[in-house]
Amino acid sequence: MTTPITNAVPLLRAALASALSAYWLQAPINTPRPYRVFQAQDGGGADTSFLNSAGWAGLYTIRAHADTQGEADAALANVPAAMQALSVAGYTVTATFVRALVLPPLDGVWSAGLIYSIDLFRRG
């Protein structure tokens, strides 16, 4: 019998905040731009248990908000390297780029986004 990873979202939330210096869902009011936020894109993921080990997979979006499109794009420049180095103690984490997210400017704020599929598997 496998035990599902019921705390996958909190584990990934902490890992992503640390790796990306980003905020979960939204930045505090009056946060200076540019800044990054991340959120579960698919409602939190799904259990993918197999072969006596529990796994979890879900989509995450990392967005940058800035005063210009160039600043928003630049704020995402180190995200691919950070996602490849993503780690959670006791788990194997794999982050795979899915696609870029095209977002129109809103109220003078320009945005850019990247969507990743993240797999989390318990070691041992």
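Where does Pro-34 lie? Pro-34 sits in the loop between S1 and S2, and we'll come back to that loop below. A quick note before the views: this is a predicted model, where local features need pLDDT of at least 70, side-chain atom pairs count only at pLDDT 80 or more, and totals for chains, interfaces and linings use all residues. Residues are numbered from 1 along each chain as its sequence is written, and side-chain values use heavy atoms, with hydrogens and water left out.

View 1. Arg-36 belongs to strand S2 (residues 35–40); strands are DSSP runs of E with at least two residues, numbered from the N terminus. Arg-36 is buried at 11% relative accessible area (buried is under 20%, exposed over 50%, partly exposed in between, with a 1.4 Å probe and protein chains only). Its side chain reaches the backbone oxygen of Leu-20 at 2.4 Å. Ala-22 is 14 residues away along the chain, yet its C-alpha is 4.9 Å from that of Arg-36.

**View 2. Aromatic pairs.** The whole structure has five aromatic pairs (rings of Phe, Tyr and Trp, the last by its six-membered ring, with centres within 6.5 Å; planes under 30 degrees apart are stacked, over 60 edge-to-face, the rest tilted). One of them is Tyr-23 with Tyr-35, edge-to-face, at 6.4 Å between centres and 80° between planes. Tyr-23 is in strand S1 (residues 23–24) and Tyr-35 in S2, so this pair ties together parts 12 residues apart in sequence. Trp-56 and Tyr-60 make a tilted pair, because their planes meet at 55° with centres 6.4 Å apart. Trp-56 is buried at 5%, and Tyr-60 is buried too, at 0%. Ring pairs join Trp-24, Phe-38, Trp-56 and Tyr-60 into a cluster.

View 3. The peptide bond from Arg-33 to Pro-34 is cis, with omega near 0°. Leu-25, in the loop between S1 and S2, has a positive phi near 70° despite not being glycine, and is partly exposed at 44%. Asp-107 lies in the loop between strand S5 (91–101) and strand S6 (110–122). Asp-107 isn't a glycine either, but its phi is positive at about 55°; with 76% relative accessible area, Asp-107 is exposed.

Terms used. Helices (H or I, at least four residues) and strands (E, at least two) are DSSP runs, numbered from the N terminus. A polar contact is a pair of N or O atoms within 3.5 Å; within protein, one must be able to donate a hydrogen and the other to accept it, and residues adjacent in sequence count only if both atoms are side-chain atoms.
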